[in-house]
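Notebook open, structure up on the screen. I want to go through the inside of this one before anything else.

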Amino acid sequence: MDVNLPLTLLGGISPAVFMRRYWQKKPLLVRRAVPGMQALLTRAQLFALAGREDVESRLVTLQKRGRQDNWGLRRGPFSRRDLPTLKPAKGDFWTLLVQGVDLHDDTAHQLMQQFRFVPDARLDDLMISYAVEGGGVGPHFDSYDVFLLQAHGKRHWKIGSQQDLKLKAGVPLKILSNFRPEQEFVLEPGDMLYLPPQYAHDGVAVEGECMTYSIGFRSPKAGGLAQELLQRLAEDAAESMDPAFADLLYRDPKQPAVDAPASLPSPLLRYARQAVEQALRDPQVVARVLGEVLSEPKPQVWFEPSSQHANGALVPMSASGIVLDRRTRMLYDEAHVYVNGESYLASDDDGGQDRVLLRRLADERRLDAKEVRALSRAARELLADWRDAGWLHGAAA
């Protein structure tokens, strides 16, 4: 993708301009971002997804009784009988949220590819919100960037840049107590609204049922990310150390007798600090565990191991090459490639050809047959392992 070329998706501005002027700064409304937009899934197909154990889904209900709003939240999976009627009683509204649709549907996965002007490490998933007329999830804010693409029907949005993010108490949803909208729009199929993190918004289906696609982005909190990184570092701590230090027992031959036995000895504290520093002595270690964490699939994702070994061939037998499975997350840095939570050192043994081609596979999510043949035997054996695990497949002709 040439990030300097204008995109219809972004209203005729380039990804470079969008990232500079709007990303994490201010909203952008794009009319006809996807001309001729048609819903990728029917209502029945979406409901079927919500009934699966491996799909995250939620049902939000609202009962308006006079001035009282009674919100409800349930988590799937849902059978069709679990969902309310499509024509609820007066004052009753509901919304079905189905997360990670791009992991289960090729057309949704292809739509997500249009947003890869943002690093894959930040791209999260595509959620579909189905709402009956009047349905919504209340005024709220997200802690991440989001593109709201209208796929079917109409949704009335109100948005505001308010600083007051206090939430209502006693409600199962994160609903703002004092929502103060500054702008409002009605989005029709193909229209799209970008909102930066913590930008307050409220969307309600109007003139019948509607479906909205939310393309969301990962925004880890420092504490949570540190915890994940440290957990992975702890697993490999001994291997990251100098072997001589790793087996070194703590010794204190000069330890004097003490009259305050509960006081922590300062030499032991220095020894502990040295142990941690040794575990982090490799300058690549933090980058490696970060790549592993960010490429880790979501907990509900699992792959189907390939039963076709292509007659012992090292790569899938396809004249069109190979393609990553839509559920596969693949990243890279200067030294490693990362696939589904695992890291692989990119070797220079072949003059860097493997590194170039594996990075191309990560960026383009496919390699043609000629590029596959140009890989070293070791790299093709690695691809064969990924194929057998279901992480990649032979590309369709």
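To keep myself honest: by nonpolar core I mean a set of buried Ala, Val, Leu, Ile, Met, Phe, Trp, Tyr and Cys residues joined through side-chain atoms within 4.5 Å. Also noted that this is a predicted model.

Entry, the core. I looked up the largest nonpolar core and got 43 residues. The members touching the most others are F18, L96, F147, Y213 and I215.

Entry, one residue up close. Which residues does I215 contact, leaving aside its neighbours within four places in sequence? I found M112, F115, L123, D125, L126, D145, V146, F147 and L149.

Entry, another core. I also came across a second, separate core, with 22 residues. Among them are L357, L382, L383 and W386.

Entry, the whole chain. I have 11 helices and 15 strands down for the protein. Of its 397 residues, 45% are buried. For contacts between residues at least 6 apart in sequence, I get 77% joining residues at least 24 apart. The C-alpha trace spans about 80 × 70 × 45 Å along its principal axes.

On charges, I have 50 positive and 52 negative side chains, with the centres of the two sets 7 Å apart.

Key. Residues are numbered from 1 along each chain as its sequence is written. Side-chain values use heavy atoms; hydrogens and water are left out. Helices (H or I, at least four residues) and strands (E, at least two) are DSSP runs, numbered from the N terminus. Buried means under 20% relative accessible area, exposed over 50%, partly exposed in between (1.4 Å probe, protein chains only). Contact means heavy atoms within 4.5 Å. Lys and Arg count as positive and Asp and Glu as negative; His and the chain ends are not counted. The place of a charge is taken as NZ of Lys, CZ of Arg, CG of Asp or CD of Glu.
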